[in-house]
Amino acid sequence: MASGGVRGPTPRWGLTLGGAALILLLLPAAAAQGEGCSQNTSRTCEECLKNVSCLWCNTNKMCLDYPVTKILPPSSLCRLSSARWGVCWVNFEALIIAMSVIGGSLLLGVAICCFCCCRRSRSRRPDKSEEKAIREREERRVRQEERRAEMKLRHDEIRKKYGLFKEENPYARFENN
């Protein structure tokens with residue numbers, strides 16, 4: 001390559017452009033995080049819940065900081081039936097119940113799938129009673145074949161004795177005419 005002809009941005013420019021894009025992307029999020037939830041108190045629920053660290057209390061129309069040290073907000077902060085987090089149209093109590101039902105349904109579904117898979121793999125390999133039944137069935141079939149062969153032999157001897165034995169080719173006697 002010639003010293004004067006550089007193609008594309010150099011790696012130093014790529015890092016600078018990538019850094020600038022990252023700063024521009026994070027700037028609105030940093031501004032939203034910088035705002036305290038108490039500043040959104042006089043606003044609406046939707047404006048309060050744009051920041052995920054905020055909790056809207058419907059009884060006193062206040063935007064509060066979500067107590068991240070606790071899983072559930074204490075009742076002294078706001079009752080669960082009037083607390084909103086994430087979306088305004090579902091109270092925290094209903095959200096907990098819905099998530100519990102969904103989680104329980106998923107666990108039940110996984111348990112049923114595991115049970116069915118284990119049951120299917122167990123049914124693939126026969127147990128002792130099934131093996132015994134298969135063995136007995138095979139023995140009966142072999143004995144039946146032996147009896148059938150003995151009976152055929154006995155019938156053939158009787159046919160020979162009385163001259164009723166079938167010829168190998170039943171059409172052979174028509175050839176003599």
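W85 is partly exposed, at a relative accessible area of 35% (buried means under 20%, exposed over 50%, partly exposed in between; 1.4 Å probe, protein chains only). This is a predicted model: local features need pLDDT of at least 70, side-chain atom pairs count only at pLDDT 80 or more, and totals for chains, interfaces and linings use all residues. Residues are numbered from 1 along each chain as its sequence is written, and side-chain values use heavy atoms, without hydrogens and water.

The structure holds two aromatic pairs (rings of Phe, Tyr and Trp, the latter by its six-membered ring, with centres within 6.5 Å; planes under 30 degrees apart are stacked, over 60 edge-to-face, the rest tilted). Y66 and W85 make a tilted pair, 5.8 Å centre to centre with 40° between the planes. Y66 sits in the loop between strand 2 (62-65) and strand 3, and W85 in the loop between strand 3 and helix 3, so the pair ties together parts 19 residues apart in sequence (helices, H or I of at least four residues, and strands, E of at least two, are DSSP runs numbered from the N terminus). Y66 is buried at 15% relative accessibility. The rings of Y66 and F92 have centres 6.2 Å apart and planes at 35°, so this pair is tilted. F92 lies in helix 3, so its pair with Y66 ties together parts 26 residues apart in sequence. Y66, W85 and F92 form one aromatic cluster.

N91 is in the loop between strand 3 (83-84) and helix 3 (92-124). Its contacts (heavy atoms within 4.5 Å) include L80 and R84, not counting residues up to four places away in sequence. The N91 side chain reaches the backbone oxygen of S81 at 3.2 Å.

Notes
A polar contact is a pair of N or O atoms within 3.5 Å; within protein, one must be able to donate a hydrogen and the other to accept it, and residues adjacent in sequence count only if both atoms are side-chain atoms.
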